[in-house]
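Here is a short tour of one protein model and its ligand. Look at the sequence and structure first, then read on.

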Amino acid sequence: MKLGVGKKPAADSPPAPTRIEAIGSVADRLEAAGVEHPEDEARALLRGAAGLTRLELALAPRAPLSEDESRILSDYAARRAAREPVSRILGERGFWTLDLTVAPGVLDPRPDTETLVETALSLVAGKHDSPLAILDLGSGSGAIACALLSELPAAWALAVDLSPEACAATAANLGRCGFSDRAYVVRGRWAEALQGGFDLIVANPPYVRSDDIAGLDPEVRLHDPALALDGGADGLDCYREIFGDLPRLLAEDAVVLVEVGFDQAASVAALLAVHGLQIERVARDAGGRERIVAARLAPSPT
Ligand SMILES: C[S@@+](CC[C@H](N)C(=O)[O-])C[C@H]1O[C@@H](n2cnc3c(N)ncnc32)[C@H](O)[C@@H]1O
């Protein structure tokens, strides 16, 4: 019998890394790849690879990784180092109080958009138990519709998107959150085929200037669909397309809210005014930038 040939005895193998050691080495790799918040992201990937909650990880940070967990984590780390977002790697994103599926070819919903939800809810305060009719234009993952339906128990929503992938993702997330019986999903070009009246119209349309897309972070440029980003030469094309339909669609006392780019609030407010809407509120995101414009139909002169 030959000794020292073939597979090494298990006793000679290096010990499996602990969870905390694995987080450290993934964080180093992500930092070298230029990823922001590498430690937080490494933790999220580890939790995803090992199927752990935050609490489970906090309670047992020195548990060793299994072979399967190490293999999955190594794949996740390579993908994140190539600048694929964590939410796409894990296929999930927390939005508002909900866990949503993040589907390929569909915009990954952003925390910024929670400002739109928060502002919308404050503008319908006092009507939270009313059967409000909501229209979500460009629904993407369905994040806004799901969040609003989660807070407005008697409301129903119509979600519209031009992208078949987005329509499927909206329907899937509405189902996942348990709202399918209060929502409809339609594939279409903004509101062109719709009739009124909706009590709450929300939209987070594409608003990036076409020339700016090449300079976006790889996480956005390479993974979010162009249809969800490109707002034309000045970023305002979609607002121009949408706003002409609003007077026809808004019910009495209805409110419309749109998300805008950080330097677009004044231009978007001016476009709303052209269509007979008056600004109700301009809300700022957590960074203090004007990101939501809310408006109502101006009272007609008597
Ligand atoms: C910035 S994403 C917003 C997605 C989602 N509402 C959110 O906030 O995460 C814009 C969405 O508008 C959709 N869209 C782009 N052009 C459209 C059009 N002409 N008609 C309807 N939807 C459109 C895109 O497919 C995309 O899902």
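## An enclosed helix

Helix H7 (residues 143-151) is largely enclosed by the rest of the structure, because seven of its nine residues are buried. Buried means under 20% relative accessible area, exposed means over 50%, and partly exposed lies in between, with a 1.4 Å probe and protein chains only. Helices (H or I, at least four residues) and strands (E, at least two) are DSSP runs, numbered from the N terminus. The buried residues of H7 are Ala143, Ile144, Ala145, Cys146, Ala147, Leu148 and Leu149.

This is a predicted model: local features need pLDDT of at least 70, side-chain atom pairs count only at pLDDT 80 or more, and totals for chains, interfaces and linings use all residues. Residues are numbered from 1 along each chain as its sequence is written, and side-chain values use heavy atoms, with hydrogens and water left out.

## Two domains

The chain splits into domain 1 (15-82) and domain 2 (92-297). These bounds come from an automatic or database domain assignment. The domain centres, taken over C-alpha atoms, are 34 Å apart.

## Around the ligand

Which residues come nearest to the ligand? They are Gly138, Asp161, Trp190, Asn204 and Ala228, out of 17 residues around the ligand. A residue counts as near if one of its heavy atoms lies within 4 Å. By class, this shell has eight nonpolar, seven polar and two charged residues. Here Ala, Val, Leu, Ile, Met, Phe, Trp, Tyr, Cys and Pro count as nonpolar, Asp, Glu, Lys and Arg as charged, and the others, Gly among them, as polar.

| Residue | Part of the residue | Ligand atom | Distance |
|---|---|---|---|
| Gly138 | backbone N or O atom | nitrogen | 2.8 Å |
| Asp161 | side-chain N or O atom | oxygen | 2.6 Å |
| Trp190 | polar backbone atom | nitrogen | 2.8 Å |

The protein covers 96% of the 590 Å² of accessible area that the ligand has on its own. Accessible areas come from the Shrake-Rupley method with a 1.4 Å probe; for residues, only the protein chains shown count as cover.

## Backbone exceptions

Most residues other than glycine have a negative phi, and most peptide bonds are trans. Trp190 is not a glycine, yet has a positive phi of about 40°. Trp190 sits in the loop between S5 and S6. Its relative accessible area is 16%, so Trp190 is buried. Gly197 lies in the loop between strand S5 (183-187) and strand S6 (198-203). A cis peptide bond joins Gly196 and Gly197, with omega about -5°.

Asp253, in strand S7 (residues 250-259), also has a positive phi, about 65°. Is Asp253 buried, exposed or partly exposed? At 48% relative accessibility, Asp253 is partly exposed.

## Two buried residues

The backbone oxygen of Asp253 lies 2.9 Å from a polar side-chain atom of Arg296. Arg296 belongs to strand S9 (residues 290-297). With 16% relative accessibility, Arg296 counts as buried.

Val268 is in helix H13 (residues 265-274). Its relative accessible area is 0%, so Val268 is buried. The C-alpha atoms of Val268 and Val293 are 7.6 Å apart, though 25 residues separate them along the chain. Leaving aside neighbours within four places in sequence, Val268 has contacts (heavy atoms within 4.5 Å) with residues including Leu236, Tyr239, Phe243 and Val293.

Key:
Polar contact = N/O pair within 3.5 Å; in protein donor to acceptor, adjacent residues only side chain to side chain.
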